[in-house]
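This briefing covers a set of charged side chains and how they pair. The sequence and structure come first.

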Amino acid sequence: MVTSDWDLSDLRETWQRRRKAAERVRNRIRPTGMTRPRRSPEEREWLSERGLLGPFVEVESDDDRPSRDST
């Protein structure tokens, strides 16, 4: 059987439902102020070139993370 002969309609419908559900969750999340461990310069450059850095603030250690009291 050639892959172009496969009926993927059920999978496509499932994927569409999952995308919509994930979008509803993502729309409720506010990543402002969220942190992540610092990336290597090479990784940061690679992601930056592709516009994939994301909203998180990179920090060196747990000491650099804002406390809940400061928000």
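A salt bridge is a side-chain nitrogen of Lys or Arg within 4 Å of a carboxyl oxygen of Asp or Glu. By that criterion, the whole structure holds five salt bridges. Arg-39, Glu-43, Arg-44 and Glu-58 are linked in a network of them.

The model is predicted: local features need pLDDT of at least 70, side-chain atom pairs count only at pLDDT 80 or more, and totals for chains, interfaces and linings use all residues. Residues are numbered from 1 along each chain as its sequence is written, and side-chain values use heavy atoms, with hydrogens and water left out.

**Arg-39**
- Arg-39 sits in the loop between β1 (35-37) and α2 (41-49); helices (H or I, at least four residues) and strands (E, at least two) are DSSP runs, numbered from the N terminus.
- Its relative accessible area is 10%, so Arg-39 counts as buried (under 20%; exposed is over 50%, partly exposed in between; 1.4 Å probe, protein chains only).
- With Glu-43, Arg-39 forms a salt bridge at 3.9 Å, N to O.
- Glu-43 is partly exposed, at 38% relative accessible area.

**Glu-58**
- A salt bridge joins Glu-58 to Arg-39, with the closest N and O atoms 2.7 Å apart.
- Because Glu-58 lies in strand β2 (residues 57-59) and Arg-39 in the loop between β1 and α2, this pair ties together parts 19 residues apart in sequence.
- Glu-58 also forms a salt bridge with Arg-44, where the closest N and O atoms are 3.1 Å apart.
- Arg-44 is in helix α2, so this pair ties together parts 14 residues apart in sequence.
- Glu-58 is buried at 15% relative accessible area, whereas Arg-44 is partly exposed at 26%.
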